[in-house]
Amino acid sequence: MISSWRKRRAGRKAAKQQQHGEDDMGMIELTTPNHFRCPISLELMKDPVTLSTGITYDRESIETWMEAGNRTCPITNQELKSPEPIPNHTIRKMIQDWCVENRSFGIERIPTPRIPWSSVEVKEMLYKFRTAYRREDEGACREFVAKMKSKGKESDRNKRCLVANGAAAVLSAAFEAFSSSSSASASFDKYVLVLEDILAALSWIFPQLDAEAKSYLGSAASLNCLVWLLKSGDLSARGNAVSTLKELVSGDKRKVDALAEIQGVKEALVKLVREPICPTATKTSLMVIYYMVSSSSSNEDSKLRFSEMGMVELLLELLVESEKSVCEKALGVLDSICGCDQGREKAYANALTVPVLVKKLLRVSDLATEFSVSILWKLGKNEKREDGGVLVEALQVGAFQKLLLLLQVGCSDRTKEKATELLKLLNMHRERLECIDSMDFKDLKRPF
């Protein structure tokens with residue numbers, strides 16, 4: 001009996017050992033060969049490249065290393081004779097074969113990477129492009145631009161290589177050259193196709209335009225061509241033109257002044273806001289208008305002209321239902337335009353002015369609140385009507401409460417000064433129009 005019990009116990013133990021052995025077999029971990037791993041990331045290499053020191057790395061890792069300013073091999077610490085890594089096709093094929101052999105473990109085969117542009121290839125192509133635009137060879141230039149766009153879209157690495165080797169300056173110089181030739185013939189139609197192509201290529205380089213590129217695009221011929229495209233180009237060309245103008249005038253008052261003097265630019269910008277082609281173009285147009293009414297030496301003339309074209313009414317309609325970014329830019333433009341008499345007269349005459357501005361207080365962003373307070377302050381302190389005008393209307397829609405709350409939660413010193421002065425102006429009309437229950441402010445710690 002004891003013998004049979006021992007046999008049964010030994011049988012159960014053997015069955016358990018066999019079961020554990022099967023489980024261990026099912027939990028085998030696949031180990032990636034060391035020579036398939038990148039020495040930097042320790043991950044399986046997807047695009048192995050070899051440096052001049054003979055060490056192989058994954059392209060993404062070693063390029064990140066080099067972009068940080070390092071010019072040595074991470075393993076050997078030797079100085080690199082050439083910054084251009086060489087694709088290691090042998091290792092890449094071995095890795096792909098290993099992936100296929102182990103696909104049962106969930107390993108996916110790495111795709112064959114496209115060979116990126118080298119600095120030598122980019123420089124050679126830019127030299128040929130420079131030669132072509134100097135000959136005014138429109139067909140060849142369009143081919144080169146198409147190649148740049150195609151290669152740039154393949155990878156960020158290609159795009160960085162193009163930018164690092166001066167593609168922006170060369171494209172901008174070509175734009176100025178064709179613009180000058182078109183100006184001489186009194187018509188931009190002759191080279192409109194290549195001009196639109198160059199502008200489209202420049203659009204994906206933003207905001208990495210260097211000073212040389214901006215000097216070419218900021219010339220009189222280039223600015224006139226950009227305004228012409230803004231007025232007469234197709235939807236894509238108009239969007240690219242206004243984006244280029246925004247890059248040029250940002251922080252450069254001289255270019256703002258030069259742009260403001262070009263006939264038809266204000267009408268074209270207003271049209272882009274009134275008849276939007278895309279949200280980005282609307283925001284960019286508002287930014288260009290903002291620079292024109294706030295930064296240029298002729299900003300008073302610009303404010304007057306934009307007021308005459310119905311910009312105040314257009315902005316107020318835009319503010320009724322707009323997302324944060326558009327709202328901030330529209331309020332910024334309206335704040336500048338309300339700095340002139342005609343702009344304020346237009347605002348006084350519009351029924352949307354006060355309700356929309358009060359609604360934006362403390363609801364969109366700190367910047368939108370600052371602009372709204374500034375506009376209400378300008379309108380309030382210049383109010384001449386005996387019945388109180390905008391001040392009474394502001395009281396009716398709850399401006400007094402919101403301004404008190406703004407002072408309690410905090411804001412910039414300049415906005416605080418304007419809000420305080422505005423509250424004093426509003427307080428003068430509260431006796432005639434009591435619209436606030438004093439109990440609403442019983443918990444405020446900072447009295448007015």
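Two strands pair if DSSP finds at least two bridges between them. Helices (H or I, at least four residues) and strands (E, at least two) are DSSP runs, numbered from the N terminus. This is a predicted model, in which local features need pLDDT of at least 70, side-chain atom pairs count only at pLDDT 80 or more, and totals for chains, interfaces and linings use all residues. Residues are numbered from 1 along each chain as its sequence is written, and side-chain values use heavy atoms, leaving out hydrogens and water.

**The sheet**
- Three strands make an open sheet, ordered S2-S1-S3, with antiparallel pairing.
- At the edges lie strand S2 (56-58) and strand S3 (86-87), each of which pairs on one side only.
- Strand S1 (residues 48-50) and S3 pair in the antiparallel sense over two bridges.
- Val49 has Pro87 in S3 as its bridge partner.
- Helix H2 (residues 59-67) packs on the sheet and touches S1, S2 and S3 (contact means heavy atoms within 4.5 Å).
- The direction of H2 makes about 95 degrees with that of S2; axes are lines fitted to C-alpha atoms, for helices over the stretch in contact, and angles run from 0 to 180 degrees between N-to-C directions.

**A pair of helices**
- Helix H13 (residues 265-274) and helix H16 (residues 311-320) pack at an angle of about 25 degrees, with their axes 11 Å apart.
- The contact involves Val270, Val273 and Arg274 of H13, together with Met311, Leu314 and Leu318 of H16.
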